[in-house]
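Thanks for coming. Please have a look at the sequence and the model first.

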Amino acid sequence: MYNFTIELKASAKKPLYEQIYEHIAEEIRGGRLEENERVPSKKALAAHLGVSVNTVGTVYEILAQEGYLEAVPRSGFYARRADAPPPRGGEAEEDEEEPPREKSAADFKTSGADVGSFPYATWIKLVKEVMYGGGPELLGAGDVRGDRELRAAIAKYLREFRGVSCSPSQIIVGAGMEYLLMLVCSLSSPDRTFAIENPGYKKIDLIIKNSGRRVRYVPLDGKGISPAGLEKSGADTVYITPSHQFPTGVIMPMDRRAELLRWAAAREGRYIIEDDISGEFNFLRRPMTAVQGISGSENVIYMNTFSRVLAPSIRIAYMVLPKKLLGLFNAKFSDYSSTVPRFEQRALARFISEDYLSRHLSRLRNAYRKRRDLLAAAFKESPYQVEISGSRAGLHLLIKSPDAEEILKKAAEGGVKLYRLDDYYFTPPEKPTNTLVAGYAGTGEEDIARLRAALAENSAHTDKTPEFRGFRGQGPLFRHV
């Protein structure tokens with residue numbers, strides 16, 4: 001049987017639970033802890049290592065969630081291997097075999113998140129405290145807008161960190177941005193026209209169309225969405241990503257934000273939907289004040305989510321409605337129930353109000369900054385001529401190169417998935433952008449090393465003459481659209 005003696009370093013940057021987790025997970029992956037082998041009880045391992053039972057309990061819960069351990073009632077925890085047969089316990093009903101999914105060894109998708117940085121111990125502690133001390137009231141359906149405690153915590157956080165001016169009564173909490181956008185669509189008349197950025201989020205286009213509303217695609221210039229194109233579209237509502245335009249990385253300057261606010265104020269019933277996703281990730285200075293906070297505009301619907309800063313499975317998003325829309329919202333949805341479990345809401349409220357969120361964001365920014373620099377260096381050191389942009393904020397880079405297609409091909413041959421900027425356009429660009437998109441939030445150093453090796457291997461470019469002009473958040477790369 002495996003010896004569970006682990007050398008723990010209390011002075012290390014990694015917390016004790018993470019050191020224990022990594023050790024056990026590696027032993028299971030390496031086959032030294034055999035399939036179906038029972039691991040020590042939480043109490044026994046805690047006594048052996050000189051740590052608390054809660055620490056070991058956290059480790060076992062994480063390992064069980066990730067499939068390394070299997071909890072067997074009244075028996076304990078048993079090691080599991082990713083390539084192991086089905087769990088013990090009788091004949092399992094056979095399912096139709098699904099075709100194997102093709103998966104890249106390293107996927108630089110823009111929707112990734114660093115789940116390894118999720119503060120498990122803190123979150124579990126808060127959830128337990130809420131469950132034990134919350135009382136029977138948390139078993140009820142709850143306010144459709146979300147619990148008052150969470151809305152108050154979000155309002156304070158937005159005021160201090162994003163310059164958003166709102167009261168808790170204006171905040172609506174929901175299970176994901178998609179759900180909230182559907183609510184916004186339902187608050188508008190069926191004949192309303194929405195404008196969205198081109199290029200932009202394909203899912204946003206789908207949600208609005210599925211809600212029965214018209215969509216118009218508006219081109220960008222060096223400052224973001226074009227005001228002339230917006231006016232020409234005849235839209236009543238415009239959806240924008242000003243903090244870090246997706247996917248071009250353009251950060252909308254203050255004068256363009258003011259232009260859009262003037263557009264919204266020029267006609268009754270016009271609205272700006274401000275998607276502030278990635279607004280927390282500005283690596284050069286404090287993020288620019290949100291559009292909603294510039295004048296406390298009654299024409300801006302502010303939206304954001306905790307999925308990117310915590311974990312994708314925590315489906316808690318929120319929006320700030322202008323006061324003049326609250327009456328309509330209450331009339332249409334006051335009899336609805338909250339779509340987010342109330343225990344999670346209360347845990348998140350404490351996570352925000354007790355400053356765990358601000359400290360977590362600080363650690364994330366440092367980790368992402370390092371990862372961004374490593375990814376940029378991998379392209380810079382490749383045998384290709386590249387120009388890198390979009391690094392000032394957000395969680396992806398853009399790589400412009402005359403050899404973009406070859407880079408894409410070489411990466412794919414090495415088991416690495418990159419993406420074309422052209423694929424994010426709703427209508428084709430006037431000419432190919434020769435630009436690739438690489439998200440780094442859900443990748444690690446081993447993925448970047450794999451990319452570096454893929455680009456260097458058997459390259460047709462024998463002379464290493466890359467062009468690297470530093471990081472740019474915006475610039476002429478996008479002025480042709």
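Which residue in E16 does Tyr419 stand opposite? It is Val437. Keep in mind that this is a predicted model.

Let me place that pair. Strand E16 covers residues 435-439, and E15 pairs with E16 in the antiparallel sense, over 2 bridges. Both strands belong to an open sheet of 4 strands, in the order E12-E13-E16-E15, with antiparallel pairing. At the edges stand strand E12, residues 387-389, and strand E15, residues 419-420. Each of these has a single partner strand, so one side of each is left without a neighbour in the sheet.

Now the helices on the sheet. Helix H13, residues 356-380, lies across E12, E13 and E16. Strand E13 is residues 396-400, and H13 runs at about 15° to E13. Helix H14 also packs on the sheet, where H14 touches E15 and E16. The direction of H14 makes about 40° with that of E16.

H14 has a helix to meet as well. The axes of H14, residues 404-413, and helix H15, residues 445-456, come within 8 Å and cross at roughly 115°. The crossing of H14 past H15 is right-handed. Which residues meet there, from H14 and from H15? From H14 they are Ile407, Lys410 and Ala411; from H15 they are Leu451, Ala454 and Leu455. By type, the residues of this contact divide into 5 nonpolar, 1 charged and no polar.

Methods: Residues numbered from 1 in each chain as written. Predicted model: local features only at pLDDT ≥ 70, side-chain atom pairs only at ≥ 80, totals over all residues. Heavy atoms only, no water. Axes fitted to C-alpha atoms, helices over the stretch in contact; angles between N-to-C directions. Left-handed = near helix turned anticlockwise from the far one by under 90°. Contact = heavy atoms within 4.5 Å. Nonpolar A, V, L, I, M, F, W, Y, C, P; charged D, E, K, R; others polar. Pairing = 2+ DSSP bridges.
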